[in-house]
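Reader: Please show the model, and then let us go through its contacts.

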Amino acid sequence: MSDTVNNNKKRALSCVQPSGVLTLGNYLGALKNFKAMQDDFECLFAVADLHAITVRQQPANLRAQIYATYALFLAIGLDPDKSTLFIQSHVKEHAALSWLLSCNTQFGEMARMTQFKDKSAKHADNINVGLFSYPVLMAADILLYTPDFVPVGADQKQHLEIARDIAIRFNNNYGDVFKVPEPYIPTKCARVMSLQNPAQKMSKSDENQNAFVSLLDDTDTIIRKFKRAVTDSDNRIICSDDKPGITNLIGIYGAVCGKTNKEVEEEFEGKGYGDFKLAVGETVANELAPIKANYDKYISDKAELERLFRDGAEKARYLANKTYRKAMKKVGFVI
Ligand code: TYM
């Protein structure tokens with residue numbers, strides 16, 4: 001097997017946690033970009049199942065979510081003939097490299113991570129060590145595959161910076177092993193906000209179902225959620241810091257239609273919030289309807305999903321093992 005599918009192409013890698021049904025935020029901030037990158041980059045995309053247990057999961061739910069997330073990868077158009085699509089825990093080198101990297105990461109660096117602070121406040125009864133050291137596992141996910149780019153939403157930027165710091169430090173201490181990757185963050189919708197509280201990011205773990213649009217919501221549900229989206233009382237459709245709700249909806253509409261904020265503002269000049277929210281809801285529903293139809297098809301064929309993710313893991317393992325052995329050797333292990 002060759003080291004790269006096509007040596008002219010830059011490599012991209014990203015992962016998504018199977019901690020709930022994926023949202024419009026995941027889609028516009030990351031997955032849509034994954035799909036767009038497939039032809040121009042050599043891509044690897046993984047379901048980050050090991051990450052999901054940093055918060056407590058029901059085993060049966062976790063299992064179902066892993067299948068569902070993989071099926072959604074396929075449903076949005078990720079193509080196993082073009083990209084390597086796999087499940088993180090199937091490649092043991094992720095957890096193994098994470099140990100090597102942990103011993104080269106400082107406690108203080110982890111303690112600064114804002115996601116750790118947020119999540120430990122939210123799950124005060126389960127502030128486990130995995131939640132704390134999560135960015136090291138994420139660094140391992142990335143560095144094993146020596147990618148040039150990591151497509152993510154804006155909320156993962158800090159984690160990516162720490163992955164870069166860890167790579168640079170490891171290379172300085174032991175010699176060149178890791179490539180230092182660049183973030184690849186969309187210029188539009190890098191942070192899709194909650195429909196109920198536009199000061200917070202849209203999240204699949206939000207307890208308020210109206211706060212997020214799931215990629216599997218039906219048309220009526222999507223339209224209803226946008227109709228109920230929290231906005232201000234002024235009726236102008238313009239982007240502004242003091243209009244976070246409307247600004248979020250303009251961003252979503254523009255990202256789906258491929259329009260700039262300005263173009264969206266012009267399109268809806270003189271119209272009211274009711275018309276605008278309906279248009280956003282319908283546009284998003286049209287974008288997601290084929291994804292849901294594809295998903296229903298993929299999720300009903302478990303044997304095919306299993307064949308695909310086993311095949312993906314085999315391809316990923318080949319690359320991961322090479323980097324892992326190199327790192328072990330540099331540190332002084334006998335391999
Ligand atoms: P996760 O599973 O929370 O989210 C998956 C991807 O979706 C993006 N995203 C968003 N983008 C815009 N607006 C939002 N509201 C929004 N919510 C989520 C995230 O930025 C992400 O790109 N730690 C990662 C998963 C991970 C990973 C990795 C990513 C594990 N290992 C290695 C890249 C490389 C996470 O929890 O993403």
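Reader: How many salt bridges does a search of the whole structure find?
Author: This is a predicted model, numbered from 1 along each chain as its sequence is written, and local features need pLDDT of at least 70, side-chain atom pairs count only at pLDDT 80 or more, and totals for chains, interfaces and linings use all residues. Side-chain values use heavy atoms, with hydrogens and water left out. A salt bridge here is a side-chain nitrogen of Lys or Arg within 4 Å of a carboxyl oxygen of Asp or Glu. By that rule, the search of the whole structure gives 17.

Reader: Which residue forms a salt bridge with Asp-125, and where does it lie?
Author: The N to O distance in this salt bridge is 3.8 Å. The pair links distant parts of the chain, 69 residues apart, with Asp-125 in the loop between helix H6 (114-122) and helix H7 (129-143). Helices are DSSP runs (H or I, at least four residues), numbered from the N terminus. The partner, in the loop between helix H2 (49-52) and H3, is Arg-56.

Reader: What is the area buried between domain 1 and domain 2?
Author: The domain assignment, automatic or from a database, gives domain 1 (10-189 + 301-331) and domain 2 (209-296). Buried area is the accessible area (1.4 Å probe) that two parts lose on being put together, summed over both. Carbon and sulfur atoms give 74% of the area between these domains, and the total is about 1400 Å².

Reader: Which three residues supply 38% of the area that domain 1 buries against domain 2?
Author: No other three residues of domain 1 supply more of that area. They are Leu-24, Ala-75 and Lys-188.

Reader: Which residues form the salt bridge between domain 1 and domain 2?
Author: The count between the two domains is 1 salt bridge.

Reader: Which helix gives the most to the side of domain 1 that touches domain 2?
Author: Helix H1 (24-37) and helix H3 (59-75) each supply at least two residues of that side. The one that gives the most, with 5 residues, is H1.

Reader: Why does the aromatic pair of Tyr-253 and Phe-276 tie together parts that are apart in sequence?
Author: Rings of Phe, Tyr and Trp (its six-membered ring) pair if their centres lie within 6.5 Å, with planes under 30 degrees apart counted as stacked, over 60 as edge-to-face and the rest as tilted. This pair is edge-to-face, at 6.2 Å centre to centre and 65 degrees between the planes. Tyr-253 lies in helix H10 (residues 244-257) and Phe-276 in helix H12 (residues 273-299), so the parts tied together are apart in sequence by 23 residues.
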